[in-house]
Amino acid sequence: MKYIIGHTNPDTDTICSAIVYQDFLSQKGVESKALSLGHLNNETKFIFEKFGITAPDHVHELPHGSEIILLDHNEEKQSIKNINDLDIVEIIDHHKVKIETDKPISILVKPLGSSCSIIAEKYFEKLGVGHPTLLKTNAILLIAGILSDTLFFRSPTTTQTDKDLVEKLNEIAQIEDLEKFSLEMFNAKSDLGEMPIEEVIKLDYKVFDFGGKNYGIGVMETTHKDYGINRKEEIVAKMKEIKEKDALAGIFFSIIDILNEENYTITPGEEESALFTKIFNAENQNGILFVDNLISRKKQIVPKFEEYFKN
Ligand SMILES: [Mn+2]
């Protein structure tokens, strides 16, 4: 049995790509099980409710020696807790590769807008007898993952291939209005209610190594930016706690206004604020750092940090 696991703080792409890849493998006669490393976010829950999909089991660790397939990530820090006791047999991802393995494994990494795009390509690369067929529900899940990760093609991570794949997938999925569907997804993601502030910060949160030190970067992609801005004081207090507890050199929380493609970043103190302002030429708006057109952590924020710390 191979366990397909996405990254911690799972998003729609990581969950949907894992679920559909399980189907692909099962049609190939390979026994596998998609798992999640955390609670589903509201966007994923909305999609699952709308289309009657069962959520994958949620685990923290797996038995020693279990075979795992990493989907939508390849860094230990973003993976299952006891990854070092496990046997990574395959990686499918669209992030930069930063892993060392102790034996040759199958790695499929492509510069596409989502991991769901890579899974979709696997179905389409060969059509015919003996090749897995794509069911309508799975086509819907793949579209959801692509639209979610690319912010309905707004993100600079979007490629023409992603757009072509959505068109092709929708011949099967038959979603009437893709833009409306994406808005419903983004509104669901933005509807956080009374969510505890640590969960808000960690909705989509990753730790990165810049210049040998750990930095945490959380992003909140939203159609309702005031939700985050109104909770600024709580966010700052909790970020200070996380920074100390996790011995971070710095921590940042970026509110991404999806529809206007704007970035509003909150920092816990002067040090981070000065650093972020310097790197991104941000404008201080009442203690919140504003940057226009800065919406992708992967393609814009992280590379800029890395470039800065290299010098
Ligand atoms: Mn992804």
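Q: In which strand does valine 219 lie?
A: Valine 219 lies in strand β8, residues 213–222. Strands here are DSSP runs of E with at least two residues, helices are runs of H or I with at least four, and both are numbered from the N terminus. The model is predicted: local features need pLDDT of at least 70, side-chain atom pairs count only at pLDDT 80 or more, and totals for chains, interfaces and linings use all residues. Residues are numbered from 1 along each chain as its sequence is written, and side-chain values use heavy atoms, with hydrogens and water left out.

Q: Why does valine 219 count as buried?
A: Buried means under 20% relative accessible area, exposed means over 50%, and partly exposed lies in between (1.4 Å probe, protein chains only). Valine 219 has 6% relative accessibility and therefore counts as buried.

Q: What makes the pair of tyrosine 21 and phenylalanine 24 stacked?
A: The structure holds 15 aromatic pairs. In this pair the ring centres are 5.9 Å apart and the planes stand at 20°, so the pair is stacked. The rule covers rings of Phe, Tyr and Trp (its six-membered ring): centres must lie within 6.5 Å, and planes under 30 degrees apart count as stacked, over 60 as edge-to-face and the rest as tilted.

Q: Why are tyrosine 21 and phenylalanine 24 separated by about one helical turn?
A: The two residues are 3 apart in helix α1 (residues 12–27), which means a separation of about one helical turn. An α-helix has 3.6 residues a turn, so residues three or four places apart point the same way. Both tyrosine 21 and phenylalanine 24 are buried.

Q: Why is the pair of phenylalanine 280 and phenylalanine 305 called edge-to-face?
A: Their ring centres are 5.5 Å apart and their planes stand at 70°, so the pair is edge-to-face. Phenylalanine 280 belongs to helix α10 (residues 270–280) and phenylalanine 305 to helix α11 (residues 297–310), so the pair ties together parts 25 residues apart in sequence.

Q: How do you know that lysine 168 lies over the face of phenylalanine 124?
A: A charge sits over a ring if NZ of Lys or CZ of Arg is within 6 Å of the ring centre and within 35 degrees of the ring normal. Lysine 168 lies over the face of phenylalanine 124, at 4.6 Å from the ring centre.

Q: How does the span of helix α4 compare with the span expected at 1.5 Å a residue?
A: The expected span is 1.5 Å times one less than the number of residues. Helix α4 (residues 136–150) has 15 residues and reaches 21 Å from its first C-alpha to its last, close to the 21 Å expected.
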